[in-house]
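Please find below my notes on the model.

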Amino acid sequence: MAFNSSDIGAFENIWVFCEQRNGVMMNTSYELVSEARKLADERGSKLVGLLLGHNVEGLAKDLGGYGADEVILIDDPALEVYTTDAYTKAICDCAMDLKPEVILLGASNIGRDLGPRCAARLTTGLTADCTHLDIDMNVYTDFLKKASTLPEARYEKFDMEDVNLKMTRPAFGGHLMATIICPRFRPCMSTVRPGVMKKAPFDQAKADACVITPYKVSITDADLKTQVMDVVKATKKIVDLIGADVIVSVGRGISKDIEGGIKLAEQLTDAFGGGVVGGSRVTVDSGWLSSDHQVGQTGKTVHPKVYVALGISGSIQHKAGMQDSELIIAVNKDENAPIFEIADIGITGDLFKVVPLMIESLNEARASK
Amino acid sequence: MDFSLTKEQAMLKKLAAQFAEEELEPVAAEIDETHEFPVENFAKMVKLGFTGIGVKEEYGGTGGGMLEKVIAVSEFAKKCMASAATLSIHLIAPHTIQDFGTEEQKQKYLPRLTKGGELGAFALTEPNAGSDAAGVKTVAVYDEATDEYVINGTKCFISGGARAGVLVIFAMTEPKMGTRGMSAFIIEAGMPGFTYGKIENKMGIRGSETAELVFEDLRVPASNMLGKKNGGFKIAMKALNAARIGVAAQAQGVADEAIALAVQYAGERVQFGKPIAALQGIQWYIADMATKTEAARNLTYYAAWLADSGKDFMCEAAMCKYNAAENARFVVNLALQIHGGYGYMHDYPLERMYRDAKITEIYEGTAEVHKVVISRAVMNK
Amino acid sequence: MRIYVCVKQVPDTSGVVAVNEDGTLNRASMQTIINPDDLVAMEQALMIKDATGCQVTAVTMGPPPAEGMLRELLAMGADDAILISAREFGGSDTFATSQIIAAAITYTGLNDEDMIFCGRQAIDGDTAQVGPQIAEKLNLPQISYAAEIKKEGNEVTVKRMLEDGYMMIKQQTPCLVTCISDQDSHPRMMSIAGINAAYKKPYTVLDFETLKDEPLIELDKIGLKGSPTNIFVSFTPPLKGIGVMLEGNDKKTTDKLASMLLEKHVI
């Protein structure tokens with residue numbers, strides 16, 4: 001039967017593309033499976049993990065432990081290293097055959113390469129970088145009541161029977177939120193921002209019960225147009241202030257132990273799960289950090305998800321470069337430091353004392369998740 | 001009457017603003033501190049074509065005229081007055097050569113100044129000849145045997161003089177005849193007999209080098225005489241008139257930026273529980289600053305338009321320069337006042353702008369000389 | 001050889017962002033800029049032009065005022081520009097947009113040695129979808145997140161960035177590449193000579209009439225009505241409350257911080 005994406009009644013089940021690299025499952029895949037479990041329950045449908053790779057069967061059962069009822073395993077030598085061509089073909093051939101209602105992917109560099117290509121081939125919509133997903137209208141309305149400033153009257157106009165996947169995402173640098181639907185085509189596709197969804201506790205019994213369904217696709221040399229010559233793991237962290245989700249910046253406050261202060265900032269980025277160290281003008285002018293680290297009017301303007309200012313007083317020039325960050329945390333000895341005027345969370349204290357404790361607390365909190 | 005810029009002029013303004021923000025502003029404080037000419041930034045100006053503004057494309061220029069110069073210079077002046085001065089003064093040499101040079105001179109020197117990366121300079125002032133050009137003591141004596149002029153004398157306060165590759169200088173060829181005995185010459189760096197004296201330590205525009213030039217038996221081929229023999233005064237006056245519009249543009253830019261900084265600061269600075277922008281005293285300051293600055297801009301644009309239309313612009317050039325310079329000092333002073341103690345600090349740009357702005361009331365003719373020019377033009381009508 | 005560079009005019013989200021009472025964006029009040037990643041794509045194309053003398057064509061879809069942006073790209077060094085503009089195309093999502101741009105490129109002509117460059121993503125929607133979807137419609141291979149691009153003959157070598165490293169990829173033309181900024185590829189500025197030439201270079205407007213019969217255009221899948229995705233609700237998040245100062249500076253304080261961060265899903 002020919003594939004027709006507008007025959008929406010023919011589609012069922014929720015699929016999660018479970019990304020692995022080098023035989024190691026990406027953490028986002030577990031987050032996504034955990035979140036999708038709730039959606040599958042709302043919809044009363046089956047949750048299926050989609051695992052592509054070569055010799056990766058060993059990763060499949062664990063997905064069950066986070067909520068997958070079934071894992072479709074496409075094992076092929078052509079899928080060992082990620083290529084757009086091979087992965088798109090495998091996913092689309094399988095999806096055209098089995099017709100899932102929803103496909104979720106992590107919004108990693110690979111997910112965001114693969115998702116749009118698949119959506120175009122399947123003739124359906126895709127919503128990028130979502131931070132919230134719902135199907136059930138009651139659950140969605142509850143979410144809006146908490147997360148939006150919409151007047152109650154708006155909710156009365158909703159069709160409470162709507163079963164489209166409601167994909168919510170920030171737009172315009174987070175100044176606006178939008179919920180997107182794909183009502184006329186299936187599957188509904190979404191990439192989901194890594195780190196936003198919570199990983200469920202692992203359940204061994206569910207893992208044991210998870211069904212693994214091998215699926216064969218034919219990928220020939222003619223399908224592969226790109227040639228991956230080399231995959232290189234980064235050795236040195238690249239200073240990408242603009243693209244960073246987490247920035248820990250240091251200022252004059254580290255002057256009594258410059259190396260130690262910078263080291264603490266680096267360790268704190270690790271405690272956040274990765275990030276970049278920035279600096280105020282004085283740290284660059286004094287040669288403590290190279291100029292590509294500078295945040296502020298004369299440096300870079302940044303809007304990361306989290307900005308931590310350590311020992312930075314908060315001059316107007318510095319604030320101009322970081323005040324649009326989503327969450328600002330400041331640590332400073334001086335309780336009157338201007339940085340506290342724009343900080344979301346402030347701690348008064350010596351950074352050399354506070355930051356090691358912060359790292360400890362964050363690591364404990366992450367471990368408990 | 002149409003006050004709007006052409007599409008190309010609007011793009012030029014955007015480019016100049018971007019260049020000023022990305023290249024000039026980051027080093028403005030540093031070159032003020034170190035007193036160093038920003039060699040790399042000058043090279044970037046050359047690459048983007050700023051040094052060829054107002055010069056025909058056949059000579060390596062980028063076309064346009066006085067209005068284009070005003071647009072670029074005032075955008076530069078917002079972020080770095082020293083760099084604005086450098087561009088403004090540099091352009092005097094190629095413009096003067098284009099206006100008065102022979103075809104051979106234009107072919108030889110203009111491409112070097114427009115796209116070749118060489119800085120231009122203009123040397124009229126001497127220790128005893130400031131506003132009074134008749135006081136020039138530098139002399140040029142013709143040597144028939146070699147068909148050269150032998151030049152002796154000293155020039156002072158010459159912007160870019162020690163960096164320039166090509167200079168337009170003035171010397172007396174008939175000393176007894178006063179201004180009617182003055183001639184213009186094109187000289188080059190490295191000519192035997194041409195050396196530099198001291199580099200001045202200035203109050204402002206410290207990233208623009210101001211030098212003393214010394215000519216000791218400097219031999220210049222007669223073919224390097226610019227314009228007619230004894231015709232130098234006319235050349236100097238035409239060049240100075242044009243230069244005054246450039247200074248007005250510098251004053252314009254620094255005033256615009258001072259207003260922007262004052263408005264921003266007044267909105268952020270909270271005293272007695274509210275931003276100081278809510279105080280009427282501050283609001284009236286801003287209203288005065290904005291009104292006078294807008295008036296100054298229009299007079300400057302008008303003078304530039306006269307120049308570009310081939311009309312006489314001597315009086316309007318003097319007016320716009322005198323007015324814009326006085327306005328710059330007025331506006332920068334108030335902007336600094338609005339900043340209070342912070343404005344007085346070296347870390348904030350207003351302290352530098354305050355020192356920089358002052359020069360616009362002095363060079364290319366003091367305010368007093370301009371009033372003489374203006375009153376003469378008005379009263380002798 | 002020709003490189004198409006797809007660009008988008010976007011509101012400057014780093015400046016003041018004004019939102020109307022109904023939750024939509026007040027675009028009129030905002031400055032527009034050329035999408036930063038698209039400028040990087042243009043720079044990558046111009047570097048190849050500097051080395052090979054190839055033709056660089058800027059392409060955008062948008063309302064008529066987008067001409068100003070295209071002229072700026074011509075002033076940077078692009079050789080010609082194409083504006084795809086029609087009321088019928090308005091409100092297109094990424095699927096619909098990529099279909100229209102792909103059709104415009106086929107209409108203009110795509111040869112074996114040609115390439116298409118896009119920015120990684122636009123700052124208004126941050127979707128990163130249009131590039132790969134143009135590639136799919138044109139049945140071209142794609143390389144996204146490209147930091148370095150080298151072209152020799154009909155072969156391109158690309159450094160494709162991953163979160164934890166990079167891949168080196170070899171590819172035959174024609175192909176599509178989406179570019180990210182890297183520290184060495186700072187987009188050049190316009191030049192004054194470029195500005196003087198900007199309004200004299202070839203400039204083409206492709207309207208609905210011109211493109212509607214292109215094989216890639218499916219009339220029921222363009223514009224606001226045809227787009228697969230629709231905005232269900234748009235809203236502003238509640239105002240960020242004023243910050244909190246945590247008491248003390250011991251482990252109890254940092255534990256409190258960690259639990260707040262957990263609650264906000266930042267860790």
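**Notes on contacts, cores and domains**

1. In this predicted model, the contact between chains B and C takes 13 residues from chain B and twelve residues from chain C. On the side of chain B that touches chain C, helix α1 (residues 7-34) of chain B gives the largest share, with seven residues. By residue class, that side of chain B holds seven nonpolar, four polar and two charged residues.

2. The largest nonpolar core counts 261 residues. Those with the most contacts inside this core are, in chain B, B:Phe185, B:Ile245, B:Ala258 and B:Val332, and, in chain C, C:Val5, C:Met42 and C:Ile100. Helix α7 (residues 232-268) of chain B supplies the largest share of the core, 20 residues.

3. What does B:Ile245 touch, leaving out residues up to four places away in sequence? Its contacts are B:Met66, B:Val70, B:Thr300, B:Ala303, B:Ala304, B:Ala307, B:Ala317, B:Cys320 and B:Lys321.

4. Another core, of 48 residues, lies apart from the largest one. Its members include A:Ala244, A:Val248, A:Ile328 and A:Ile329.

5. Chain B is assigned three domains: domain 1 (7-114), domain 2 (120-230) and domain 3 (234-379). Between domain 2 of chain B and domain 3 of chain B, the C-alpha centres are 31 Å apart. Eleven residues of domain 2 and ten residues of domain 3 make up the contact between these two domains of chain B.

6. On the side of domain 2 of chain B that touches domain 3 of chain B, eight residues are nonpolar, three are polar and none is charged. As general background, nonpolar side chains tend to be buried together in soluble globular proteins.

Note on methods: Residues numbered from 1 in each chain as written. Chains lettered and ligands numbered in written order. Predicted model: local features only at pLDDT ≥ 70, side-chain atom pairs only at ≥ 80, totals over all residues. Contact = placed C-beta atoms within 7 Å. Helix = DSSP H or I, 4+ residues; strand = E, 2+ residues; numbered from the N terminus. Nonpolar A, V, L, I, M, F, W, Y, C, P; charged D, E, K, R; others polar. Core = buried A, V, L, I, M, F, W, Y, C linked by C-beta atoms within 7 Å. Buried ≥ 20, exposed ≤ 12 C-beta atoms within 10 Å, placed from the backbone. Domains from an automatic or database assignment.
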